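Biologist: Hi! Could you walk me through this one in simple words?
Modeller: Happy to, let's look together.

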Amino acid sequence: MTAPAPMKILITGAGGMLGTDLGNVLSQEFEIVGLDRRPVTHLTVPYDICDLTQARMTRDAILSHKPEVIIHTAAMTDVDYCEEHHDEALAGNVAATEHVVDAANEIDASIIFYSTDYVFDGNKKGEYLETDTPNPLSFYGKTKRMGEEYILRVSKRALIFRITWLFGIWGRCFPKAILRQAAEATKMNVVDDQIGRPTWSWDVAQAMRQLLLNKKDVLLKSGANIFHLGNAGTVHWADYARFLLKGAGLGAVKIMDIPSAHLKRPAPRPTNSVLSLEKSEKILGLKLRSWEEATLEFLPKLKQELALLEAKAKAQAAEKENTA
Ligand SMILES: NC(=O)c1ccc[n+]([C@@H]2O[C@H](COP(=O)([O-])OP(=O)(O)OC[C@H]3O[C@@H](n4cnc5c(N)ncnc54)[C@H](OP(=O)(O)O)[C@@H]3O)[C@@H](O)[C@H]2O)c1
């Protein structure tokens, strides 16, 4: 008897921070194909170039692969850029999501979509529940909420995961920014009036593996459902920076606590980004480890990956010189 073919999963934003970890984790058990808008040298899964803001191109790419599940991670994630470029944010976060959902509906594929704590205004005392009313402060948050609303209205089958304060090897994130600055500074200003759950993209990818292996029935149910997901525990940015520096052996660099207002960033951020994790634990059985444990495993991996990339760049430069 031949074994059944592995489930085919299409990942959008396959070269991004979460998309890369998803491809690496899920390709062990599933057939993975990726989409991204430009060539990505670090990708290990097959992928096509596709700009999701283009309806026709997106439909053609998705229909040509006919995946059972589409994991839609692609988004315009630079919050301050979105605040100042509304048309691009609408195209990248709303129109792109509409194109993916419409194509998924045509081929009966289920969707997994990632949203954010930034759909809330942060004024709640206590953890945000999935049933709390969104009220985004930033334009990025507004566009992510519009994406959620389209999925809730139109998608045949979808799970929306709101995730928070994501960090990972393959994208821009707070730990990388802090460690980069620490290499050149003896002290740094970091805000202490925003609280959240730092969440490793690798742990989100592992949770998706568990979901697809053990709870596929929930994904195949009709309609759309929202869940909050993140590493356990909470912290504010300044204490998180201290933890990162200590973990990286840079504890001598001093963190000065400042209020967010001092940074004068274009987009406002919620002060309370803490999402309740109860529903995803109860219904999906997903319980992520603490952010401290995740961070301590992440830091040496980041160091190793950065050293590898540096060595690769040096080797490429030397090869170029030799052939010139
Ligand atoms: N990062 C966070 O802290 C955070 C927190 C909560 C939720 N989320 C959500 O989680 C998801 C994954 O975030 P991430 O940090 O992994 O994102 P990311 O690293 O910015 O990766 C997104 C990927 O999508 C690609 N992309 C963007 N626009 C595209 C388009 N029009 N067509 C095709 N590809 C496109 C990007 O390409 P380029 O590199 O060329 O732009 C990038 O490869 C997003 O939906 C985000 O909104 C993130």
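Predicted model: local features only at pLDDT ≥ 70, side-chain atom pairs only at ≥ 80, totals over all residues.

Biologist: Which residue in β4 is the bridge partner of Ile 9?
Modeller: That is Val 69. Strand β1 (residues 8-12) pairs with β4 in the parallel sense over four bridges. Strands are DSSP runs of E with at least two residues, helices are runs of H or I with at least four, and both are numbered from the N terminus. Two strands pair if DSSP finds at least two bridges between them.

Biologist: And how many bridges join β4 to β5?
Modeller: Four, and β4 (residues 69-72) and β5 run parallel. Here His 72 sits opposite Phe 113 in β5.

Biologist: What does Phe 113 stand opposite in β6?
Modeller: Ile 160. Six bridges link β5 with β6 (residues 157-163), again running parallel. Between them, the chain goes from β5 through helix α5 (residues 139-154) to β6, in a right-handed β-α-β crossover. Right-handed here means that, with the strands pointing away from the viewer, the path from the first strand over the helix to the second runs clockwise.

Biologist: Why is β5 largely enclosed?
Modeller: Because seven of the seven residues in β5 (residues 110-116) are buried. Buried means under 20% relative accessible area, exposed over 50%, and partly exposed in between, using a 1.4 Å probe and protein chains only. Ser 110, Ile 112, Tyr 114 and Thr 116 point one way, while Ile 111, Phe 113 and Ser 115 point the other.

Biologist: What about β4, are its faces covered or uncovered?
Modeller: Both are covered, with Val 69 and Ile 71 buried on one side and Ile 70 and His 72 buried on the other.

Biologist: New topic! Which residues of α1 meet α7?
Modeller: Among them are Met 17, Leu 18 and Asp 21, and on the α7 side the contacts include Trp 202 and Arg 209. Contact means heavy atoms within 4.5 Å.

Terms used
Residues numbered from 1 in each chain as written. Heavy atoms only, no water.
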